[in-house]
Amino acid sequence: MEPFSVVYTDNSKGGLDIERDILGKINAELIDAELSDRSARDLIKEADGVIVSQMEFDREIIESLEKCRVISRTGIGFENVDLEAATEMGIYVSNVPDYCIPEVSNHTIGLILSLERRIVGFDRDIRKNGWGVARSKWADMRRIEGQTIGFVAFGQIPKEVCRKAIALGFDAVAYDPYVDPEEIIEAGAKCVENIEDLLKISDVVSLHVPLTDETRGMIGKRELELVGKNGFIINTSRGGVIDEESLVWAIENGKIAGAGLDVYADEPFQSNNPLSDIEKVVLTPHVAFKSVESELKQREIVAENIRAVLTGREPINIVNKEIFSL
């Protein structure tokens, strides 16, 4: 039997020993498109499976795949893959939704504490402007205990953030029309019926939604004004869910207290982005998911998703469940 062909379109991991070890057990050859003389688009036409990071898989590309059975996305999000086209072609799309729950939840809490306790600002001021200037900026800091954190979406990561936030003294509320309210209540949060109510009552708003047509730009001027002058916005999901121009306006005009961001509408983040000049914003370079341990787990699951499909099973994580109704 000919070996299966699996193409990694845009590998940023370096060596692929982990993936090759897993796929080698089913006689699958893993091709690193970055090291090939042929283009990724040419290679994937003949592939049985594809591993993709950032490359766009639109309808045209997906319809060019001659025998592909699975597209394995290397992260949680899947906005770069046309799910409808893949489903029509009978191609599984998989992702790795649970490989970095500790990392992202801790990073989210870190951003919250950095804003609430002005940690980044104090560090910057004491280095540049001295002790006196740094200490003068504590005046409107508020106690965390008794504040309310609001979660927009309530999947596995926000549930873990919720647990940690409650331990710090936060009350929690959540809005997610796709989650059973009982599940939210069992996690220790109060369920609210719409996002407007959540924004009005939250001191900290933590965003955990995928980037879709429904969520793109969902946080704009109107929503930010509902948060209020003492509120913080935290985003460790996808940058495009916030209208960044509106966010800059809201902070500069005192409509909200600040923001903690790990993701941006355009990445990589550019030095001329207006957010870089705002003191009340804490920025990190899309690393909330990163750790030695999470990357190892990610690579294993990505390869196991491919292995499952090529041996006649379902992938561990299926994004396009509509494929079962074909």
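# Briefing on salt bridges, domains and a pocket

By the rule applied here, the count of salt bridges comes to 22. The structure is a predicted model, and the domain assignment of its protein chain gives domain 1 (4-99 + 292-325) and domain 2 (101-283).

**A salt bridge between two helices**

- The side chains of Arg299 and Glu19 meet in a salt bridge, with a distance of 2.8 Å from N to O.
- Because Arg299 belongs to helix α13 (residues 292-310) and Glu19 to helix α1 (residues 17-24), this pair ties together parts that are 280 residues apart in sequence.

- The C-alpha centres of domain 1 and domain 2 are 32 Å apart, and at the interface 7 residues of domain 1 are in contact with 6 residues of domain 2.
- The size of an interface is often given as the accessible area that is lost when the parts come together.
- Between domain 1 and domain 2 the buried area is about 600 Å², and carbon and sulfur atoms give 50% of this area.
- The rule finds 1 salt bridge across the interface of domain 1 and domain 2.
- Another pair to look for in the structure is Glu79 and Arg238, which form a salt bridge whose closest N and O atoms are 2.7 Å apart.

**The second largest pocket**

- Rolling a probe the size of a water molecule over the atoms shows where empty space is left.
- The second largest pocket has a volume of about 470 Å³, and of the 24 residues that line this pocket, the closest to its centre are Arg118, Asp140, Phe232, Ala257 and Lys280.
- Sorted by kind, the lining residues of the second largest pocket divide into 10 charged, 8 nonpolar and 6 polar.
- Helices α5 (101-116) and α6 (119-128) each supply at least two residues of this lining, and the largest share, 5 residues, comes from α6.

**Details of the backbone**

- Most residues other than glycine have a negative phi, and most peptide bonds are trans.
- Asn27, although it is not a glycine, has a positive phi of about 60 degrees, and its place is in the loop between α1 and β2 (28-32).
- The peptide bond that runs from Glu267 to Pro268 is cis, with omega near 5 degrees, and Pro268 lies in the loop between β11 (258-261) and β12 (281-283).

Methods. Residues are numbered from 1 along each chain as its sequence is written. This is a predicted model: local features need pLDDT of at least 70, side-chain atom pairs count only at pLDDT 80 or more; totals for chains, interfaces and linings use all residues. Side-chain values use heavy atoms; hydrogens and water are left out. On a 1 Å grid over the protein atoms alone, a cavity is a set of points where a 1.4 Å probe fits but cannot get out, and a pocket is an open set with protein on both sides within 12 Å along at least five of seven lines; lining residues have an atom within 4 Å of a point. Grid points are joined across faces, edges and corners, and a volume is the space filled by probe spheres set on the points. Helices (H or I, at least four residues) and strands (E, at least two) are DSSP runs, numbered from the N terminus. Ala, Val, Leu, Ile, Met, Phe, Trp, Tyr, Cys and Pro count as nonpolar, Asp, Glu, Lys and Arg as charged, and the others, Gly among them, as polar. Domain bounds come from an automatic or database domain assignment. Contact means heavy atoms within 4.5 Å. Buried area is the accessible area (1.4 Å probe) that two parts lose on being put together, summed over both. A salt bridge is a side-chain nitrogen of Lys or Arg within 4 Å of a carboxyl oxygen of Asp or Glu.
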